[in-house]
Amino acid sequence: MVDLGKDQLIEMYYEMVLIRHFEERAKELYHEKKIGGAYLHLYNGQEATGVGAIRALRAEDHVITAYRDHGIAIARGVDPNRIMAEMYGKRTGVSGGKGGSMHLADRSLNFWGGYAIVGGQLPIAAGIGLKIKYNEEDAVVLCFVGDGATNNGYFHESLNLAGVWKLPVIWLIENNLYGMGTKVEDSSGQTELVKRAVAYGILQGPRVDGQDVIKVHEATLEAAEYARKHGSVLMEALTYRYEGHGMSDRAFINRTEELAHWHELDPIPRLRDMLCEKYKDIGPALEKLDKKAVDVVAAAEEFAEKSPIPTYDDLMNHVYV
């Protein structure tokens with residue numbers, strides 16, 4: 001078991017709280033039509049998976065994910081001001097206001113973004129892994145993938161090459177039980193998705209409790225150590241989103257018993273309770289962090305409101321032909 005110190009645990013708690021507040025405010029801003037776009041995919045409920053996994057990485061490692069990317073970006077250290085500005089479509093956003101909610105990226109942090117195409121990040125993760133191996137670098141790629149994308153051809157092609165070439169990639173399935181609105185058991189013959197590793201000759205990692213940030217952290221540390229030396233690992237985190245697939249998905253509201261069950265497993269109160277039990281005097285410090293997270297999100301909103309919109313020249317930037 002990894003011996004996480006008090007400071008590390010507090011930092012993980014704060015990151016999860018910050019993600020939760022950011023997402024809750026983003027939902028409100030979307031309804032207010034200040035955040036545009038056809039879709040907004042929130043990370044509420046899955047914070048322990050993103051924070052626990054990314055905390056196991058080094059600065060030189062790489063992270064890539066799908067369209068539910070705000071929480072992953074925050075956990076990787078991307079500036080919340082620039083994330084919010086991107087979602088507003090402003091020039092100061094991480095992608096210059098031209099990407100929006102599903103296309104967050106920060107080259108300085110080796111965070112290669114969210115991808116709107118289901119499974120679109122998987123071949124890119126394999127490519128980054130090939131670059132690492134070709135250059136004999138001591139690094140790994142952490143690739144988040146939703147359970148729905150595991151039935152996609154990109155998944156098969158990417159993991160097959162990862163097995164053939166022994167690429168240093170951690171393939172982390174965030175199994176929140178639904179691909180859009182379809183249950184895993186209605187779309188996958190093998191519902192223990194981590195078992196698919198066997199077909200590709202890569203290491204079958206653990207099926208971990210994705211609502212426990214410490215367990216996710218420990219499992220990812222072990223996976224990273226293996227991947228640096230031997231090649232790919234497939235692991236699975238069992239988690240749950242407290243919102244629909246996107247803002248237009250209201251079907252989840254009818255899952256009252258299921259929602260109640262997973263709210264009892266909420267990763268934030270779970271870590272808070274553990275911290276309060278382990279450190280008897282920590283309550284006031286955690287309350288300050290809760291307030292800090294609210295203030296950081298409010299500052300990000302103000303930054304986005306006051307930021308300039310992209311110009312015509314910005315539109316023409318980064319066009320190759």
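Guide: Start with α2, which is mostly covered: 8 of its 8 residues are buried. The model is predicted, so local features need pLDDT of at least 70 and side-chain atom pairs pLDDT 80 or more, while totals for chains, interfaces and linings use all residues. Residues are numbered from 1 along each chain as its sequence is written, and side-chain values use heavy atoms, without hydrogens or water.

Visitor: What makes a residue of α2 count as buried?

Guide: Buried means under 20% relative accessible area, exposed means over 50%, and partly exposed is in between (1.4 Å probe, protein chains only). In α2, Glu47, Ala48, Thr49, Gly50, Val51, Gly52, Ala53 and Ile54 are buried. Across the protein, buried residues make up 52% of the 321 residues.

Visitor: Why is Lys33 called exposed?

Guide: Lys33 has a relative accessible area of 73%, so it is exposed. Lys33 sits in the loop between α1 and α2. Its phi is positive, about 65°, although Lys33 is not a glycine.

Visitor: And Leu177: why is it called partly exposed?

Guide: Leu177 has 24% relative accessibility, so it counts as partly exposed. Leu177 lies in the loop between β3 and β4. Here too phi is positive, near 80°, in a residue other than glycine.

Visitor: How do you know that Glu301 and Arg25 form a salt bridge?

Guide: The definition asks for a side-chain nitrogen of Lys or Arg within 4 Å of a carboxyl oxygen of Asp or Glu. Between Glu301 and Arg25, the closest N and O atoms are 2.9 Å apart. Glu301 lies in helix α11 and Arg25 in helix α1, so the pair ties together parts that are 276 residues apart in sequence. Glu301 has 14% relative accessibility, so it counts as buried.

Visitor: What makes Glu243 and Lys27 a salt bridge?

Guide: Their closest N and O atoms are 2.9 Å apart. Glu243 lies in the loop between β7 and α9 and Lys27 in helix α1, so the pair ties together parts that are 216 residues apart in sequence. Glu243 is buried at 13% relative accessibility. Lys27 is partly exposed at 24%. The whole structure holds 22 salt bridges.

Visitor: What makes a set of residues a nonpolar core?

Guide: The set must be buried Ala, Val, Leu, Ile, Met, Phe, Trp, Tyr and Cys residues, joined through side-chain atoms within 4.5 Å. The largest core has 65 residues, and Ile35 and Met84 touch the most other members. Helix α1 gives the most to this core, with 13 residues. Apart from it lies another core of 25 residues, among them Ile132 and Trp171.

Notes: Helices (H or I, at least four residues) and strands (E, at least two) are DSSP runs, numbered from the N terminus.
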